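Hi there,

Here is the structure I promised to pass on to you. Have a look at it first, and then read on for my notes.

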Amino acid sequence: MFFIPLFSSNLTTNKFGRKIEYLRTVDSTNQEAKRMIDKNYIQSGNIVISDEQTNGQGRRGDKWFSSPGKSLTFSLLIKNEDPKLIQKLPLICGISAIKGIKQLTNCNCTLKWPNDIMYENSKLGGILIEQTKQHFIIGIGINVNDSTFDSSIEKEASSLYSILGRPIQREPLLAFILNNLEQSLHLTLNEIIIKWESYCAHMNAFIKFHNANEIINAKFLGLNNEGFANMELNQEHKIFNSGVIQL
Ligand code: BTN
């Protein structure tokens, strides 16, 4: 059960999350947001949240697993009216999630490029941004009170409950993430890049990089001025805008 009055009492935004569509179960909140766009039922700033996703979607066609009622799974709709949004969004979503977790729990999570939410070497959250003609659908999943994980991810997954040993309220967590997201939209791309790098745990680290069926050993140098990953391989600097990093 997601208690909307508790969420609303922690929300300080003008627009984000002011209208919330709460479903007990849905295939995927991103899919539901797309259906709502088609029917004109949803507007920029609205949220779709569900206690359970029966077909949660991850990046690169992966499945996203979450425990019903324990995880935070939601989608935020944002109208695409600023050409810089496409570069800013992946970065500010990760930053806002990390800051929201810190504000509520004092737990220091980190970011793994492009926007995995990590605690030490375990993943506790992910972000899937999809685009329609006029909108971005920002899907965020965070393992909050999950205590068991699907066998396919149990080695690398974690939750706030597993880290802190106590249950965490999803309602203020969602409100804090949205408060941060709305505020961060006003930052310049350069300011966002500096913040993102300050939360990244693998700056200047040697990593394995999975890109287009290849696994490359590289040094992660940070983000370039467009927000793409800058890596050093064979003494050359190369820029990537997609891929998966293995720490
Ligand atoms: C990733 O692979 O790291 C991204 C995971 C994104 C999961 C969230 S949960 C809410 C929204 N609905 C989905 O089906 N996926 C995203």
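How many residues surround the ligand, and which are the closest? The answer is 19, and the closest are Ser28, Gln53, Gln57, Arg59 and Lys123; a residue is near a molecule if one of its heavy atoms lies within 4 Å of it.

Before the rest, two notes on the ground rules. This is a predicted model, in which local features need pLDDT of at least 70 and side-chain atom pairs count only at pLDDT 80 or more, while totals for chains, interfaces and linings use all residues. Residues are numbered from 1 along each chain as its sequence is written, and side-chain values use heavy atoms, with hydrogens and water left out.

**The ligand**

Lys123 places a polar side-chain atom 2.6 Å from an oxygen atom of the ligand. Arg59 takes part through its backbone, with a polar atom 2.7 Å from a ligand oxygen atom. For Gln53, a polar side-chain atom lies 2.9 Å from a nitrogen atom of the ligand. On its own the ligand has 420 Å² of accessible area, and the protein covers 98% of that (Shrake-Rupley method, 1.4 Å probe; for residues, only the protein chains shown count as cover).

**Aromatic pairs**

A search of the whole structure turns up five aromatic pairs. Rings of Phe, Tyr and Trp (its six-membered ring) pair if their centres lie within 6.5 Å; planes under 30 degrees apart count as stacked, over 60 as edge-to-face and the rest as tilted. The pair of Trp113 and Phe209 is tilted, because the ring centres are 6.0 Å apart and the planes stand at 55°. This pair links distant parts of the chain, 96 residues apart: Trp113 sits in the loop between β4 (110-112) and β5 (116-119), and Phe209 in strand β8. Helices (H or I, at least four residues) and strands (E, at least two) are DSSP runs, numbered from the N terminus.

Trp113 is buried at a relative accessible area of 3%, and Phe209 is buried at 0%. Buried means under 20% relative accessible area, exposed over 50%, and partly exposed in between (1.4 Å probe, protein chains only). Elsewhere, Phe2, Phe7 and Tyr22 make up one aromatic cluster.

Asn211 belongs to strand β8 (residues 206-211) and is buried, with a relative accessible area of 17%. Leaving aside residues up to four places away in sequence, Asn211 touches Ile216, Phe240, Ser242 and Gly243 (contact means heavy atoms within 4.5 Å). Ser96, in helix α3 (residues 85-105), is buried at 0% relative accessibility.

Strand β10 (residues 229-233) is largely enclosed by the rest of the structure, because four of its five residues are buried. Four bridges join β10 to strand β9 (residues 214-223) in an antiparallel arrangement (two strands pair if DSSP finds at least two bridges between them). Here Gly222 stands opposite Asn230. β10 also pairs with strand β11 (residues 236-240), again antiparallel, over five bridges, and Glu232 has His237 as its bridge partner. In the hairpin of β10 and β11, with two residues between the strands, Asn234 takes a positive phi near 50°.

Best wishes

Definitions and conventions
Polar contact = N/O pair within 3.5 Å; in protein donor to acceptor, adjacent residues only side chain to side chain.
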